[in-house]
Amino acid sequence: MSDLTYFDYAATTPVDPRVLAVMLPYFDETFGNPSSIHRHGQRAEAAVEAARETVAAALNCRPDEIVFTSCGSESDNLALRGEALAMRAKSGADWILTSRAEHHAVSKTAEQLEKYFGFKVEWLETDEFGMLAPETVEKALCSETALVSVMYANNEIGTLNPIAEIAAICRAHGVPFHSDAVQAAAYLPVDIQTLNVDLLSLGAHKFYGPKGVGALYVRKGTAILPVQTGGGQESGRRAGTQNVPYIVGFAEALRLTVAERDQRAAHARPLRDQIIGRVLEEIPESRLTGHPELRLPNHASFAFKDVDGNLLLTLLDAAGFACSSGSACKTGNPEPSEVMAAIGLEREWGLGSLRITLGAATTPAEVEAFLKVLPGLVQKARVLKAINA
Ligand SMILES: *Cc1c(COP(=O)(O)O)cnc(C)c1O
């Protein structure tokens, strides 16, 4: 779609041709079931185990600490549900600490554990940038805490959390700490020894790998109850025949990301800064959402007062730009997203959110063309909203 500039890399990325190339033989040539005894099975198993080693090298951890899953959401589900249930069985601990700024894969899982499984959730307060302070976690920890979950980088507003500091506090209290790094991994170091987490979620399609494959890092010795039961795959932590080509693709995408991360960030950062600077300068009643500095290098997100964010997206799409908004539109009754509420944005601002996320293929000319049309489209969206009111 050459008539549409893609500015939505936080939603998903195209598969890198180098990743696709290494995946292809595992659809037909090497199609065996990794659990089979014969040589077809052995070859498939070798591919999965080689991928596990590649991922372990990228994360600086042990291969047996990697569990392959079907997506980032599944990794979050396994981390929260698997850990919460295992901890309660072990010690009776039944409190989950997390925040409203998390991805739904974490927050809805926590809600379900509270509503149907008897856990208690403490929703920790973030600051105006959506950042969770280590002291906030420290104050909330107690002997009943089963699990703490704090995302590494926020998908909606780009803010980075002080993961290593939070991890150190949790470790000192002997409480397992999970971080959703699905959005972060494309641009931030994911060295487990530095981050010091017990559980870390990843998803390939946010870093130029295929959709439908993820991984969960599980620190050796961390108790986890499998969420999907059946065969003994993934050392009994996740049943189901492994998706060999996708796992191979996951590993290659992560390997390339670690090798090229600095270069990708250096490409995106000045373009992002140009967008942030120009939007705040040229568009009246606009604000940056998320942290001004401690944010993903490819991520610009805004709130515009008295704008219908979904309408703005439609106008942008018609003008040739694929962007995203933060507001989850329920038909007839749009509500600002929970993240907008968590950072304390008033409704007339929270409904007018816009997220622009850049990637490897983004050019300065595309950014310039976007910045030329955006102020007029925001103005148009304001007029239309006023007419409809
Ligand atoms: C995309 C995303 C997810 C979900 O990953 P899927 O692979 O799409 O299921 C979870 N958390 C964050 C922060 C994300 O950005």
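**Exercise 1. Find which residues threonine 30 contacts, leaving aside its neighbours within four places in sequence.**

Solution.
- Work on the predicted model. Start with the place of threonine 30: the loop between H1 and helix H2 (39-59).
- Set aside the neighbours within four places in sequence. Threonine 30 is then in contact with Pro25, Arg43 and Ala44.
- Now classify threonine 30. Its relative accessible area is 17%. Buried means under 20%, so threonine 30 is buried.

**Exercise 2. Describe the salt bridge between glutamate 260 and arginine 18: how far apart are the closest N and O atoms, and where do the two residues lie?**

Solution.
- Check the distance. The closest N and O atoms are 2.7 Å apart. The cut-off is 4 Å, so the pair counts as a salt bridge.
- Place the residues. Glutamate 260 sits in helix H9 (residues 244-282), and arginine 18 sits in helix H1 (residues 17-23).
- Look at the sequence. The two are 242 residues apart, so this pair links distant parts of the chain.
- Compare accessibility. Glutamate 260 has 17% and is buried. Arginine 18 has 39% and is partly exposed.
- Look for shared partners. Salt bridges join Asp16, Arg18, Glu260 and Arg264 into one network.

**Exercise 3. Decide whether arginine 219 and aspartate 198 are buried or exposed, and locate their salt bridge.**

Solution.
- Begin with the pair. The side chains of arginine 219 and aspartate 198 meet in a salt bridge, at 3.3 Å from N to O.
- Locate arginine 219. It is in the loop between strand E8 (214-218) and helix H8 (233-236).
- Locate aspartate 198. This residue is in the loop between helix H7 (192-195) and strand E7 (199-203).
- Note the separation. The partners are 21 residues apart, and the pair links distant parts of the chain.
- Classify both. Arginine 219 has a relative accessible area of 18%, so it is buried. Aspartate 198, at 8%, is buried too.

**Exercise 4. Work out which parts of the chain arginine 347 and glutamate 335 tie together.**

Solution.
- Start from the salt bridge. The side chains of arginine 347 and glutamate 335 meet at 3.2 Å, N to O.
- Place each partner. Arginine 347 lies in helix H12 (residues 347-350). Glutamate 335 lies in the loop between strand E11 (321-322) and helix H11 (338-342).
- Draw the conclusion. The pair therefore ties together parts that are 12 residues apart in sequence.
- Classify both. Arginine 347 is partly exposed at 41%. Glutamate 335 is partly exposed at 28%.

**Exercise 5. State how many salt bridges the model has.**

Solution.
- Apply the 4 Å cut-off. The count comes to 19 salt bridges.

How values were computed. Residues numbered from 1 in each chain as written. Predicted model: local features only at pLDDT ≥ 70, side-chain atom pairs only at ≥ 80, totals over all residues. Heavy atoms only, no water. Helix = DSSP H or I, 4+ residues; strand = E, 2+ residues; numbered from the N terminus. Buried < 20%, exposed > 50% of the residue type's maximum accessible area, 1.4 Å probe, protein only. Contact = heavy atoms within 4.5 Å.
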